[in-house]
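Take the model from its overall make-up down to single side chains.

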Amino acid sequence: MSFTSKDTKAYREDEKAGHKNLGVREREKLVQTSHFGIRKLLRSQLYLFMYIFVHAIFSVYIRIRVAYHAVSLRILSILKYHHNTPDYVRRDVSTLNKLPKHVSVILTLEDGGRAGDALEKLVNEASEVAAWCTSAGIPRLSIYERTGILKRYMPQTHRALAHKLKGWFGKHQAPPLSLSARGASAIHSTNREYMPHDQVPLEVILISEEDGREAMVDLTKVLVQMVQKEKISAQDITLDVLDNELSEAVMPEPDLLISFEPYVDLQGYPPWPIRLTEIYCAPDNEGVGYQYGPRTYNSKDTPTRDDIMSSLLRPPVIRSAVGVLDRSLFKKTVNLAAAAVADKKKIAAWRQKLMKGNLLLDYERIPGVVPHPDQALASQGTKCLLLDPKIKVAVPETWTPILQDGVASKEIGVVPYDLFLDYDYWSYEDVMKSLLPPGLRDEHDGIPAGFNQAGHVAHMNLREAFLPHKALIAEVLLDKNPSIKTVINKVTNVGTESEFRTFSYEVLAGPDDLNVEARENECIFRFDYSRVYWNSKLEGEHRRLINVFKPGEVVCDVMAGIGPFAVPAGKKGVFVWANDYNPESYRYLGQNIKRNKVGQYVRPFNQDGRTFIKEAADLVYAASANGEYAVAGPKGREKRRQHPNSSNVGKSVPAPESERKPIPPTISHFVMNLPASAITFLPHFRGLYAGREQLFAPHTVASLPMIHIHCFAPKADDDTSFINICERISAEFGVGMRVGEAETTHEVSVLEVRNVAPNKRMFCASFRLPPEVAFAARS
């Protein structure tokens, strides 16, 4: 039994009136009236059913979604597992459209730090993320943790990060690492001695919840004090000033912020540095995992601002011109908008303001400031700032508030501007993409852009598919590289026709003049490129090893060529016994030694490297026993003081004493840069120092020579190549060698130098000569 709403209302009004509205019988009749409220019952049951139904549907959906994400992330964790190998990470990011320069991550101290291993787990997660970023080539990483506990343990955190990077890259190949936090001294570590020349240093910034608040409070105090002392006015405190100061106080704005929580939770992250930051969070994710990382900045489906600009400024397609270069066809007019600044004195201010809002056209080789398109105004000195293509003159809705305010105040005006581009603007890659058939480019993943430059000569190695276009390629290459006068193409592989690593070639453009002068590592080299081996792409590798050598040490360069290792090392004060089997290389090596004035440090030889290995050790020992030395004369500044035209003439200036540098009795390093066969020379090290054990530790401080041997190995995504190299070295020595640290006996440190072919890489293996090989009896 139930009341209707009408009955309920009547009963309540009667009760309020003290039972004066209804009589006793009416009241009894009202109470005794049987009213089941079928419609109300049905309606309430319908609501309950709908609630249960919707709740069930969403519950099933949520459970399916969580299960899907759990399975997909698990599969990705298997497929994308990095194996602590940087190459895997580089492979994952190599196909991405863009790569952030500054990544920020939000990490959480588990259970508020009450768990015993919470801090250790947090530090390990930070170390993992640092290794991912370094491998991907991201130079800056900021780590946010709300409580700031990592900042209280900065030395320990730095050691953990450095240890993790060494585990990924190797002890001597880990990149430089810096760790900083607001209000604390930065901690730096470098590993420049063995670091590859293309390695990217990593900067790690620790931030917490208090950083944003304290920075704003401190900045407010400073600005108030400066206004009170009349050093600045209130009008000088602009948005740009606040932005610059806060960015400097906390950190620069990150390109990407990653949350590893199942939903977006900033956890008190300082708001100012992330106003324009892209924030990413994977639904239903739990924990920090690498499979989650590459997805955060893979935005191939969404065109970026750079994509739009590239499309807008792309050269015209000229398929009919294949085989013939008609430069006049490369013309294009791009319709843009420009901000005409009325007051010339305010151009810099407006440029900074528009740049902050990402409103300017910012593209390479295009000036940001141009004369006004109206010749009369241009003659008066009126300048314009080229605006982003998204801003249209005829569509005021595309104008941002900054532009609208500037137009309203008549400080600027938005005017049309025609940007004219011609052949001189576009790069070699742009022109070739316009000329070559797209099918040809797709088949070979691009265009033939790589070449080895020796002085004025560009040496290409064109694939067969590009040979019909070789004259066109060479002509454009000459146009776009003013320092190049001759372009040649390799006809045969290096070493197939000559044991001296020379090759047959054809001239594609320019004169057939291969007498070149090359500058590398502060030295000058002259040679006939057709008669000797030279590879400018190895300059970084040359520099890396030269930096390993220390002044006063002895280096034996078994395959010295014309001296890219030996001559710069000699300039550094390193004694070098430099040998090459090629008589022409030996001749130019001698000339380059004289040209660079390193004759007392570098000695040239023309022998078979196999016999030279032991002979060099004997010659160095004999030179040391005979008391031979080099004389280090006065430095340039001291020489100038003694010059006849010096202002010190007539004054009593003590003559600097010459320093004698004796030749040590042992060789510190062997360099063997003959990748195709250098490993086969290793048996000739047997007995290198037979009977001379007293020259080395523990009898002296000297160590057995470090051997740096270059070799080729197949391309692999794991450590197969490293193991393969160690097995080949072991087979030649007859002694077991394994991958590890170069300073440890029987361990080999392997460094990838460069790719030489799609499935072939060049490596440098460094290791100490094993004692059982060095002191074995000579055969």
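A residue is called buried under 20% relative accessible area, exposed over 50%, and partly exposed in between, with a 1.4 Å probe and protein chains only. By that rule, 43% of the 779 residues in the protein chain are buried. This is a predicted model, in which local features need pLDDT of at least 70 and side-chain atom pairs count only at pLDDT 80 or more, while totals for chains, interfaces and linings use all residues. Residues are numbered from 1 along each chain as its sequence is written, and side-chain values use heavy atoms, with hydrogens and water left out.

The protein chain holds 23 helices and 27 strands. Both are DSSP runs numbered from the N terminus: helices are H or I with at least four residues, strands are E with at least two. A contact means heavy atoms within 4.5 Å. Of the contacts in the protein chain with a separation of 6 or more, 68% join residues 24 or more positions apart.

Now the charge pairs. Side chains of opposite charge can pair when their charged atoms come close. A salt bridge here is a side-chain nitrogen of Lys or Arg within 4 Å of a carboxyl oxygen of Asp or Glu. The count comes to 20 salt bridges.

Glu-506 and Lys-470 form one of them, with the closest N and O atoms 3.1 Å apart. Glu-506 lies in strand S15 (residues 505–509) and Lys-470 in helix H16 (residues 470–480), so the pair ties together parts 36 residues apart in sequence. Glu-506 is partly exposed at 25% relative accessible area. Lys-470 is partly exposed too, at 27%.

Arg-543 meets Glu-539 in a salt bridge of 3.2 Å, N to O. These two are four residues apart in helix H17 (residues 539–548), so about one helical turn separates them. Arg-519 and Glu-517 also pair, at 3.5 Å, N to O. Arg-519 counts as exposed, at 60% relative accessibility, whereas Glu-517 is partly exposed at 32%. Arg-327, Glu-475 and Asp-479 are linked in a network of salt bridges.

Last, the histidine. His-372 sits in the loop between strand S9 (369–371) and helix H12 (375–379). Is His-372 buried or exposed? It is buried, with a relative accessible area of 9%. Beyond its neighbours within four places in sequence, His-372 is in contact with residues including Ala-340, Leu-377, Cys-384 and Val-415. A polar atom of the His-372 side chain lies 3.0 Å from the backbone nitrogen of Asp-374.

Key:
A polar contact is a pair of N or O atoms within 3.5 Å; within protein, one must be able to donate a hydrogen and the other to accept it, and residues adjacent in sequence count only if both atoms are side-chain atoms.
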